[in-house]
Amino acid sequence: MVRTSPPFVVADERLHSRVLEVVTVEQCNLSCRSCTHHSPVSPNWQVEPGRLAQLLAALGRTFSCGVVKLMGGEPLLHERLGDVVEVVRSSGVATEVHLVTNGLLLARAPTSVLRSFDQISISVYPGVRLGAAAARALNAMQREPHVRVVMTPMPVFQESFSRKGTTDGALVQRIYNDCKVAHEWGCYTLFDRHFFKCPQAYVLRRMTQGESVDYGEVGIDVTAPGGADSLRSALTSYLNDTRPLASCRHCLGTSGASFAHALTPRTQWMAWQDLPTEALLEPGSAV
C-alpha cells in the first residue's frame, strides 16, 4: 500500500518538517559495511559555509524544520565546523542544531564549537572505543547544562543498496512503499544545491552515473529560478509523489537483510553489494 502522509505539513505558505539533514562532509574516519551515505568510498568534500548560507537562504523562503542535523561522513572532519553551525543558526531554518558523529574525533573540535550544539548524537559501534582525549571531551559535554548527549548503540546494520539493482518494477515499488527513511523518519537531505527525500537518492544516483550525475532527476534544485511559490510547489509535488525515484532501483530502503555491524577495508567495500536486489533483502520483506 502506498504511503500518502509524508512527515511534513504545509502551513502559513511554508513546508514544515521535523528534520533536515545537511551533508557537512562526505568522508569518514570509519568504514562501516553498507553505510547508507557511501562514506567509505566517497570523495573528500566539505560544504563551504558561505555556499551553505546561500542554499539555506534559498530553501528557507518556503521551508523550516525543528532540527538541522549536521551529517557526514563524519562532520568533525570539517575544517570550519564552527562556521557551519553559525550559518545554520543564522539562517533561522531550524529551532535546534544537532551533531551526528561517531565521537572518535570529539577532541579535535574546540569546546566552544561542541557547546554550540543543542544535541550531540553519538553512534556507538561494537568494538569501536573512544580514545582518552575523545572520552574527556565527551565527559565535558555530558556536564554541559545546555547540551544533550545521546549515545545510540548500533550493533546491527541492514543491507542498504545493490550495485546490480533490479529490473522488477513491482519490487522497487514495494521497497519504496515500505521505506521508513522516505516516509516515516523524514530524512530530508540538503547536499550541494539539491533537496532530497533521503541521502540514498543522491549517493545511488552518483554511483550509477559517475561524475556526469544529474541530481535534478532525483531531487529539487533549491536555487532554480522562480520565487518562493515555485519552490514550495516543486517541493510539495516531489515529497507527495508516490513513484519511486530513479535511485530506488538500486536501493533496499529499510527492507535490506540485517547483519552484525562490521568495519571493512575500503578497497573491498563495494564488493559486498555486488549482488542483485533480490539477494540482499530481509527474508519476508517487500512482499
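Biologist: How many helices and strands does the protein chain have?
Modeller: The protein chain has 8 helices and 11 strands. Keep in mind that this is a predicted model.

Biologist: What does the C-alpha trace span along its principal axes?
Modeller: The trace spans about 50 × 50 × 35 Å.

Biologist: And what about the radius of gyration of the protein chain?
Modeller: The chain has 19 Å, which agrees with a compact globule, because a globule of 287 residues would have a radius of gyration near 19 Å.

Biologist: How much of the chain is buried?
Modeller: Buried residues make up 52% of the 287.

Biologist: What share of the contacts comes from residues 24 or more positions apart?
Modeller: They account for 79% of the contacts with a separation of 6 or more.

Biologist: Let's switch to α1. Which of its residues are buried?
Modeller: Helix α1 covers residues 49–59, and its buried residues are P49, L52, L55, L56, A58 and L59.

Biologist: What do those buried residues pack against?
Modeller: The strands β2 (14–23), β3 (63–71), β8 (189–191) and β9 (194–196), along with the helices α2 (81–91) and α8 (228–240).

Biologist: Which residue caps the N-terminal end of α1?
Modeller: E48 does, with a side-chain oxygen 2.9 Å from the backbone nitrogen of G50.

Note on methods:
Residues are numbered from 1 along each chain as its sequence is written. This is a predicted model: local features need pLDDT of at least 70, side-chain atom pairs count only at pLDDT 80 or more; totals for chains, interfaces and linings use all residues. Side-chain values use heavy atoms; hydrogens and water are left out. Helices (H or I, at least four residues) and strands (E, at least two) are DSSP runs, numbered from the N terminus. The radius of gyration is taken over C-alpha atoms; the globule rule is 2.2 Å times the number of residues to the power 0.38. Buried means under 20% relative accessible area, exposed over 50%, partly exposed in between (1.4 Å probe, protein chains only). Contact means heavy atoms within 4.5 Å. A polar contact is a pair of N or O atoms within 3.5 Å; within protein, one must be able to donate a hydrogen and the other to accept it, and residues adjacent in sequence count only if both atoms are side-chain atoms.
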